[in-house]
Every structure is written in C-alpha cells, then in structure tokens.
Amino acid sequence: MSGRTLQINERKVWILETGKGAPLLYFHGFADVHSVKESWIPFHEKLAQHAQVIAPAHPGCAQTDENKDIDIIEDVVFHYLEVFDALKLTQFDLVGSCVGGWIAAEIAARHPEKIRKLVLIGATGLFVEGALIGDVFMMAQPEYGSSYASLREMLFSSANQPNALEMFPDGKGELEDEVRRYQMLRFGSRIGFKPPYFYNRSLKNRLHRITSPALVVWGEKDAFVPRSHGETYAKLISGAEELKVISDAGHSVHVEKPDEIAKLVLDFLAE
Amino acid sequence: MKPVQLFCWHFMAYPYLDKDFDEKQYSGWVTVPNSLWDNRKARGLYQEYIDQLAYADELGFDGMVLNEHHQNIYGLMPSPNLIASALTQRTTRGKIVILGNLLPLHMNPMRVAEEYAMLDQMSNGRLIAGFAPGGGPETFNYDVPSANTREKFWEAADLIVRSWTEDGPFAHEGRYFPLRYVNLWPKPLQKPFPPVWIPGSRSPSTMAEVAKRGYCYFLSSRSHGGETHRAQQEFAAVLEKHGDRYHPFRFGILMSTYVAETDQQAREECEEGVWYFLKNCLKGHLRREGRQLTYGPGVPYIPAAAWREYLKGYTPGRKLLGDVENWEELDASQSIIVGSPETVHRRIQNLIEKAKVGNLLIQFQLGNMPDQLARKSMKLFAEKVAPALRHDSLKQFTDEFPGANVEQAAEALH
C-alpha cells in the first residue's frame with residue numbers, strides 16, 4: 001500500500017495509489033476502500049495491473065480531514081476539482097461506486113473535458129419516481145443490540161455473503177474498520193440524510209452533457225439503489241452502452257464479483 | 001438556599017396497545033404503525049393527562065415537565081408547547097418546564113423563541129425553557145442530517161436567547177439560520193430571560209457548552225447507579241474550569257417512582273404499567289430487541305475521534321433499561337423506585353445525598369397506568385415523601401453549599 005497526503009486549502013486529503021498506466025480515479029462507496037478497509041480490495045488490485053489507480057478518501061473519511069462546509073453535492077464536486085488540480089490531472093478515467101458514482105456523474109456532467117471514460121457502479125445520485133434509494137442510516141442502527149444483518153442485506157446480495165460478513169460483522173468489528181464505517185456514514189449524512197436522499201433532482205437533466213463513453217454496471221440484487229436508476233443513467237448518458245447487470249450480486253457488486261467487474265471495466269477502458 | 005425542587009414529569013404514553021404488541025411489533029418508535037391508534041379509546045386521553053399535571057400543581061409540586069417526541073408510543077407530545085399552553089390556564093403556581101423543544105427539528109428557531117416568550121407571558125413568568133438537540137429517533141423523524149446537529153443546535157439556542165435579551169430588530173448572520181429581521185414580539189416576562197435547561201448524556205463537550213453559558217445541566221439518563229453522581233462530579237469540575245461553582249440547582253435528573261401504602265402493594269399496583277413502559281414504550285429506544293435507534297453509527301452526530309473512544313468501552317448487545325428480565329434487575333437499576341413512602345423516601349434521599357442534585361424530575365404515570373393509581377401515587381408522594389425530602393435536602397444543601405446564590409436572576413422578578 002502506498003498512501004500519501006495532499007494539502008489542499010488547509011485541509012488534508014488522503015489518497016492511495018497503485019499500479020502503472022493511464023490515470024484512473026476511483027471514488028469509493030459504503031463497502032469499500034477508505035469506508036471500511038484501510039487498503040485496496042481485490043477489485044482495485046486487478047485494475048492496477050493495467051492502470052495507475054488513485055483513490056482519494058472523501059472528506060471526513062479515513063485520514064482525509066472533515067469539511068464542515070459540505071452541505072450539498074456541489075460542495076463535494078468543488079472539493080474534487082481542487083484534488084484534480086493538486087494531482088495535476090487534466091484528463092483521466094473516472095470510476096465511482098455507490099455515492100462515489102454519484103460524485104463521478106456530477107463531475108462528468110460539469111467537466112466532460114476532464115473525463116476520458118466514465119464507469120458508474122451502483123451509483124446513487126438520481127431521483128427516479130417510485131424507486132427511492134434505501135435508508136442506509138436506519139440499516140446501520142444495529143438490531144438486537146449487535147446485528148448488522150439488514151445493513152449487509154442492503155449493501156450486498158445477502159446478509160450472509162462472505163465479503164459482507166467480513167466488512168460488516170455482527171458485534172464488535174475491527175476497531176479502525178468500524179471507525180472508517182462511521183466516518184463514511186458521517187460524510188454521507190451531510191449530503192444524503194435529509195431530502196434529497198443521496199440524489200440531486202437536477203442531475204438527470206444534466207447527464208446529456210457527459211461526452212465520454214460510459215459504462216454503467218449494477219448488481220442484479222441491488223437493494224440500496226434500485227436498478228431503474230442504472231437504467232436511467234444508461235439511457236440518459238449518450239455515450240453509455242446498455243446497462244450491465246451482474247447476476248447473483250448485490251449493491252457492492254465490485255466487492256462480490258471482483259474478477260468479473262474488473263474484466264468488464266478493463267475491457268471497456270481498453271476499447 | 002432552597003430545598004430540592006420536585007417536578008412532575010408526564011411523558012403521555014399511548015396506553016391502549018394490545019397485550020401482544022411486543023411480540024408482534026418491531027418497534028415503538030418512528031416506524032410503529034399508526035394504524036394501531038384507536039380513536040374510540042383515545043378520545044379524552046389528553047384531557048386525562050393534562051388533568052394529572054394540573055393535579056400535580058394542586059398537590060404542591062414545584063413544577064410540571066413536558067418534552068417533545070415524534071412518531072412513537074412513548075410520548076404523545078410532538079408539540080409540548082400546546083400542552084404547556086393549556087397548563088398556563090389550568091395551573092397557577094408551579095413552573096412549566098419544557099425539556100425541551102428539539103431545536104434542529106425546527107425550520108426556524110424564531111418559532112421556538114416566540115412560543116416560549118408567549119408561554120412565559122401566559123404563565124406569568126413560570127416557564128423553564130429547555131432546548132434539546134434530539135437523539136437517534138428524532139434524527140429519523142424529521143430527517144436531520146446528524147453530522148451537523150450539534151452545531152445547528154447551539155446556533156439556534158444562542159439565537160433564541162439573544163432574541164430574548166437584545167433589542168431588535170437585528171440581523172443574525174448565522175451558518176444555519178440566517179435571518180434579516182430578528183425582532184421578537186412578545187418578549188418573555190422573566191428577566192434577563194427564562195431559566196434555560198439543557199439535557200446531556202455526560203458528553204464533556206455538552207457540559208462545557210452548558211457551563212460556558214451558565215445554564216442548568218440535565219442528565220438525560222434513566223438509570224441512576226454510579227452514573228448520576230459521576231455526572232454531577234464531572235459537571236462540577238467543568239463549572240470550576242469555567243470559573244463557576246456548582247450548586248444543586250445547576251443540575252437535574254429524571255427518575256420514575258410509584259408510591260403506595262406498603263412495598264408489596266406498590267409493586268402489585270404498578271407492575272402492569274411498569275412492564276408496559278419497559279417492553280413497549282422503550283422498544284426501539286432503550287431496548288436491544290428490534291432495532292435500537294437511540295445509539296448507533298447510523299446517527300453519526302459525534303466526531304469520529306469521540307466515536308473511536310466510545311467504541312473502545314462499548315459492549316455490543318449490552319443490556320439496556322428495557323432489557324431487564326425481572327423485578328430484581330429493575331430494582332437494581334434505580335430507574336424506577338417503587339415502594340412505601342418510607343422506602344421511596346429513603347432511596348431518593350440517598351440519591352440526593354450522593355448526587356447533590358437539586359432538580360428531581362419525576363415520572364409518575366408509567367405506560368398504561370390507570371389514572372386513579374397515578375393520582376394516588378402522586379398524592380402519597382406529595383404528602384408523605386416530599387416534606388421529608390425537602391427538609392433533609394435543605395439541611396444538606398445549606399451545609400454543603402454555604403453562600404451559593406441559588407436564586408437565578410430570572411426569579412428576582414417574583
């Protein structure tokens with residue numbers, strides 16, 4: 001693992017980097033590097049065989065300083081514009097999962113020139129009538145004092161999925177894993193707790209501004225972000241192929257099926 | 001010096017749940033289906049509860065306590081100010097304590113400032129103004145993003161007090177509640193402003209904020225083992241650090257009691273209401289069963305560093321008040337003190353001695369306890385327990401806190 005700190009406007013931003021190749025920025029979600037794990041998960045290691053993978057931790061996550069001025073997604077977008085400048089990145093591939101996918105889509109709609117190719121995995125961000133994004137905060141409150149089964153069920157294909165049990169075990173987990181989970185919920189609560197719940201109603205009408213090719217991937221059993229959100233992304237981003245639905249996987253499809261998703265992403269990036 | 005102040009706290013539970021509620025329902029909070037509300041039974045319920053509070057005033061309690069809860073069976077007061085308003089017209093002497101309005105849930109804190117000012121005028125200066133940030137369930141009730149709850153809370157609390165004390169109109173250039181014209185009509189009656197009470201659960205930062213402003217700290221715990229006097233010692237130390245001195249009326253606690261002629265009779269009479277309260281009203285709040293909303297990572301209102309410290313000492317699945325399995329365990333928790341006047345006096349006296357607490361906020365009506373039992377217990381308490389507590393506490397406080405100026409400036413008006 002190779003991590004370093006960027007200093008941006010008095011605030012520290014923690015990033016991990018691995019691999020060689022064209023720059024690929026990765027924005028994490030709830031079950032992910034920085035939001036649970038200190039280091040890479042297999043999905044990223046596979047990407048790193050063909051790209052320079054750079055993963056910043058969102059404000060308040062892992063060792064990135066918290067930013068109390070973040071109220072809406074716009075604030076996160078500007079935070080990342082600063083990060084791109086600090087990294088001296090002008091054009092890159094952008095891959096985002098879950099909330100990270102939302103941030104990626106918002107950036108691509110505003111700055112299409114920066115994005116070579118865009119990958120969205122189970123991305124939040126859209127309002128789709130009748131298909132509300134799940135309440136991850138309620139699910140993060142334990143049942144029977146110590147069970148996170150319903151949180152696992154929301155973020156994975158089932159409560160007993162092995163990765164789910166490793167990342168969100170019942171009872172006491174690894175202390176620093178638990179702290180990172182908490183930090184991610186805290187960051188998430190700033191932009192997704194109150195209505196709008198992890199969405200921006202305006203985003204839908206802006207997606208046509210994305211000019212890069214795009215790949216949209218969804219777990220068949222996503223219980224956090226309904227599949228119709230993926231269909232909407234795929235339909236409204238003109239450079240997007242048809243939605244790729246991965247069978248026997250839930251919301252955290254990149255955790256559950258790292259080989260399959262990494263191959264899909266790498267093939268798409270190499271096209 | 002003055003003796004311990006004894007307040008009657010009513011939570012206004014929904015008392016008409018079927019016996020199989022606990023078995024069938026997942027929670028008593030936020031998601032508890034409101035199809036369970038039965039108008040045929042509930043008609044007149046508020047009247048019964050308001051009458052009990054008016055009775056407390058007649059019996060000579062020092063005040064009546066109300067608080068705000070939403071979407072639950074534990075407390076049917078989404079707006080305690082409405083009940084307080086009724087009490088201003090039904091009572092004449094006791095304080096009216098609202099503990100408190102949940103400031104982050106209000107779009108505009110001026111509404112709270114205005115309503116509290118109205119209540120202070122309507123009650124002839126009897127309001128004690130509580131401000132609370134709300135906890136887990138409340139976060140879900142009104143979708144309050146928890147990462148900034150505390151900041152929002154203190155901005156609102158300070159703005160309200162400023163609107164009571166500073167002549168308007170003035171502009172408030174706040175982070176969360178920017179307002180161009182702050183100009184309160186009416187002003188509160190009490191000067192400089194009504195006493196302010198703030199609940200906390202031993203977090204040092206809340207204690208420090210309360211101390212800084214000279215307010216009264218209320219320990220929002222329902223169990224009174226060692227925690228109560230530790231909280232008192234911690235708060236006293238924080239006050240010292242802020243160049244202030246502790247006295248018993250800077251501190252308040254919540255407790256529940258039931259008094260009857262004998263210990264055995266007391267237990268027999270209150271047991272149904274007590275178990276209803278523990279198993280139904282606390283489900284989702286202070287019970288492990290179902291989903292406990294009150295603490296947990298889904299409501300991340302404290303900074304991550306504080307959460308790490310909390311996790312180090314935390315045992316998942318630990319028993320909470322509502323998880324007690326038998327009467328003996330309940331008794332040991334010192335949360336609900338049940339017995340004859342002698343027993344109840346002895347145990348509360350013991351608590352006052354140790355915790356040096358001047359404001360006792362006491363819940364009498366528990367769960368589905370019938371009106372006549374709640375009233376009988378209140379009367380026995382007022383006649384057979386309160387006088388001795390007042391006598392003993394006055395002596396204790398005079399000895400232990402010589403020269404303490406316990407009369408708040410606000411009370412000089414009377």
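Q: How many residues apart are Lys312(B) and Glu309(B) in helix α11 of chain B, and what does that spacing amount to in helical turns?
A: In this predicted model, Lys312(B) and Glu309(B) are three residues apart in helix α11 (residues 304–312) of chain B, so they are separated by about one helical turn. Side chains of opposite charge can pair when their charged atoms come close. Here Lys312(B) forms a salt bridge with Glu309(B), and the closest N and O atoms are 3.0 Å apart.

Q: Which residues are joined into one network by salt bridges that share partners?
A: Lys37(A), Glu166(A), Asp177(A) and Arg180(A) are joined in this way.

Q: Where do Glu209(B) and Arg213(B) lie, and how do their side chains meet?
A: Both residues belong to helix α8 (residues 204–213) of chain B, where they stand four residues apart, about one turn of the helix, and their side chains meet in a salt bridge with an N to O distance of 2.7 Å. Glu209(B) counts as partly exposed, with 21% relative accessibility, and Arg213(B) counts as partly exposed too, with 23%.

Q: What parts of chain B does the pair of Glu269(B) and Lys376(B) tie together?
A: The side chains of Glu269(B) and Lys376(B) meet in a salt bridge of 3.0 Å, N to O. Glu269(B) lies in helix α10 (residues 263–281) and Lys376(B) in helix α14 (residues 371–400), so the pair ties together parts of chain B that are 107 residues apart in sequence.

Q: How much area do chain A and chain B bury between them?
A: The size of an interface is often given as the accessible area lost when the parts come together. Chain A and chain B bury about 3,100 Å² between them, with 56% of it on carbon and sulfur atoms. On the side of chain A, Gln141(A), Tyr182(A) and Phe193(A) lose the most area to chain B, together 24% of what that side buries.

Q: How many salt bridges are counted between chain A and chain B?
A: The count is five, and Glu151(B) forms a salt bridge with Lys68(A), with the closest N and O atoms 3.3 Å apart. Across this interface there are also 24 residue pairs in polar contact.

Technical notes
Residues are numbered from 1 along each chain as its sequence is written. Chains are lettered from A and ligands numbered from 1 in the order in which they are written. This is a predicted model: local features need pLDDT of at least 70, side-chain atom pairs count only at pLDDT 80 or more; totals for chains, interfaces and linings use all residues. Side-chain values use heavy atoms; hydrogens and water are left out. A salt bridge is a side-chain nitrogen of Lys or Arg within 4 Å of a carboxyl oxygen of Asp or Glu. Helices (H or I, at least four residues) and strands (E, at least two) are DSSP runs, numbered from the N terminus. Buried means under 20% relative accessible area, exposed over 50%, partly exposed in between (1.4 Å probe, protein chains only). Buried area is the accessible area (1.4 Å probe) that two parts lose on being put together, summed over both. A polar contact is a pair of N or O atoms within 3.5 Å; within protein, one must be able to donate a hydrogen and the other to accept it, and residues adjacent in sequence count only if both atoms are side-chain atoms.
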